[in-house]
Amino acid sequence: LKDEKVKVVFKLADGRRLEAQGAVGDSLLDVVVNNSLDIDGYGACEGTVTCSTCHVVLKPEDYDRLPEEAGDEERDMLDLAYGLTDTSRLGCQVTLTREMDGLEVLVPESVHDARS
Ligand code: FES
């Protein structure tokens, strides 16, 4: 079902937990934007893979079951992100599936806008 809702939790470095709903096919960035989530500086390039401010860290088990691996563009941009981990992705490049309902991702404290 296309309009199925998927719950996502964004855990921020300051301890806040922001819960939001997205639709299947939305990116994590879409979820942040559509719910007007208050995450400072997030998604500065609006999903054009030029900023890395949408960096999220996934739990290893979630990372492993994402349907798509990071592409070249995403990897290059992740290399510029602060606090890069083995389970880092760009939120604008992660698309929600029904299976991801309840997903929790960590938003690292420092965001780095690669354009600056
Ligand atoms: Fe800029 Fe994802 S929003 S790289």
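Trainee: Which residues does V32 touch, not counting residues up to four places away in sequence?
Mentor: This is a predicted model, and a contact here needs C-beta atoms within 7 Å. With residues up to four places away in sequence left out, V32 touches L37, I39, Y42, G43 and G91.

Trainee: Which element gives the largest share of the largest nonpolar core?
Mentor: That core has 20 residues, and V8, L28, L29, V32, C54, V56 and V105 have the most contacts inside it. At least two residues each come from β1 (5–12), α1 (28–34), β3 (55–58) and β5 (103–107). The largest share, four residues, is from α1.

Trainee: Why would nonpolar residues gather like this?
Mentor: In soluble globular proteins, nonpolar side chains tend to be buried together.

Trainee: Is S36 buried or exposed?
Mentor: S36 sits in the loop between α1 and β3. Its phi is near 50 degrees, a positive value in a residue that is not glycine. Most residues other than glycine have a negative phi. The cut-off for exposed is 12 or fewer C-beta atoms within 10 Å; S36 has 7 others in that range, so S36 is exposed.

Trainee: What is the phi of E46?
Mentor: E46 is also in the loop between α1 and β3. It has 11 C-beta neighbours inside 10 Å and therefore counts as exposed. E46 is not a glycine, yet its phi is positive, at about 60 degrees.

Conventions:
Residues are numbered from 1 along each chain as its sequence is written. This is a predicted model: local features need pLDDT of at least 70, side-chain atom pairs count only at pLDDT 80 or more; totals for chains, interfaces and linings use all residues. A nonpolar core is a set of buried Ala, Val, Leu, Ile, Met, Phe, Trp, Tyr and Cys residues joined through C-beta atoms within 7 Å. Two residues are in contact if their C-beta atoms, placed from the backbone, lie within 7 Å.
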